[in-house]
Amino acid sequence: MRNLWVDHGDGVLLIQTDTLYVRLISKARKNYHTSHSNWTLVFARKGKYGYAARFFYQFGGTIDEALERAETILKETYESIEEIL
């Protein structure tokens, strides 16, 4: 999943498709690749009439920890939705 992230260089990593919007925002805008930072994960699933699901999650850690946590959250969210359907 890490190869899907697009780095905007200003503390924002983004995955965007026709139906999915995932944004990982660092509070350490200039040195987020090398330092501990506070992160905000924004997840939105687009549906037929707008967003079908959307949530925000805040945590701290390095960029590797942030990517690992985001990946875990997205997998667990997907599994939960699949279980319901």
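# Reading contacts, burial and a pocket

Q: Is Arg2 buried, partly exposed or exposed, and what is its relative accessible area?
A: Arg2 is partly exposed, with a relative accessible area of 38%. The model is a predicted one, and the values that follow are computed from it.

Q: How many salt bridges does the rule find?
A: The general idea is to look for a side-chain nitrogen of Lys or Arg within 4 Å of a carboxyl oxygen of Asp or Glu. Here the count is two.

Q: Which side chain does Arg2 meet in a salt bridge?
A: Its partner is Asp64, with an N to O distance of 3.6 Å. Asp64 belongs to helix H1 (residues 63-84), while Arg2 sits in the segment before strand E1 (6-7), so this pair links parts of the chain that are 62 residues apart in sequence. Asp64 is also partly exposed, at 48% relative accessible area.

Q: With which residue does Glu71 form a salt bridge?
A: Glu71 pairs with Lys75, and their closest N and O atoms are 3.4 Å apart. Both residues are in helix H1, four residues apart, which is about one turn of the helix. Glu71 is partly exposed at 22% relative accessibility; because the cut-off for buried is under 20%, that value falls outside the buried class. Lys75 is partly exposed too, with a relative accessible area of 46%.

Q: What is the volume of the largest pocket?
A: The general idea first. Rolling a probe the size of a water molecule over the atoms shows where empty space is left. In this model, the largest pocket has a volume of about 330 Å³. It is lined by twelve residues, and those closest to its centre are Leu20, Phe43, Arg45, Tyr78 and Ile81.

Q: Which element gives the most to the lining of the largest pocket?
A: Helix H1 does, with five residues. At least two lining residues come from each of strand E4 (37-47), strand E5 (50-61) and H1. By residue type, the lining of this pocket divides into eight nonpolar, two polar and two charged.

Q: Where is Thr40 placed?
A: Thr40 is in strand E4. At 8% relative accessibility, Thr40 counts as buried.

Q: What does the side chain of Thr40 make a polar contact with?
A: The partner is the side chain of Gln58, at 3.5 Å.

Q: Is Ser26 buried or exposed?
A: Ser26 is buried, at 0% relative accessibility. Its place is in strand E3 (residues 20-26).

Q: Which side chain does a polar contact of 2.7 Å join to that of Ser26?
A: It is the side chain of Ser37. The Ser26 side chain also reaches the backbone nitrogen of Ala28, at 3.1 Å. Apart from neighbours within four places in sequence, Ser26 is in contact with Gly11, Tyr32, Ser37, Asn38 and Trp39.

Q: Which residues does Val42 touch, not counting residues up to four places away in sequence?
A: Val42 touches Tyr21, Val22, Arg23, Ile25, Phe55 and Phe56. Val42 is part of strand E4 and is buried, with a relative accessible area of 11%. Reading C-alpha distances as well, Val42 and Ala70 are 9.6 Å apart in space and 28 residues apart in sequence.

Q: Where is the place of Gly61?
A: Gly61 is in strand E5. At 0% relative accessibility, Gly61 counts as buried.

Q: How far apart in sequence and in space are Gly61 and His36?
A: They are 25 residues apart in sequence, and their C-alpha atoms are 5.1 Å apart. Leaving aside neighbours within four places, Gly61 is in contact with Ser35, His36, Ser37 and Trp39.

How values were computed. Residues numbered from 1 in each chain as written. Predicted model: local features only at pLDDT ≥ 70, side-chain atom pairs only at ≥ 80, totals over all residues. Heavy atoms only, no water. Buried < 20%, exposed > 50% of the residue type's maximum accessible area, 1.4 Å probe, protein only. 1 Å grid on protein atoms, 1.4 Å probe; cavity = no way out; pocket = protein on both sides within 12 Å on 5 of 7 lines; lining within 4 Å. Points joined across faces, edges and corners; volume = space filled by probe spheres on them. Nonpolar A, V, L, I, M, F, W, Y, C, P; charged D, E, K, R; others polar. Polar contact = N/O pair within 3.5 Å; in protein donor to acceptor, adjacent residues only side chain to side chain. Contact = heavy atoms within 4.5 Å.
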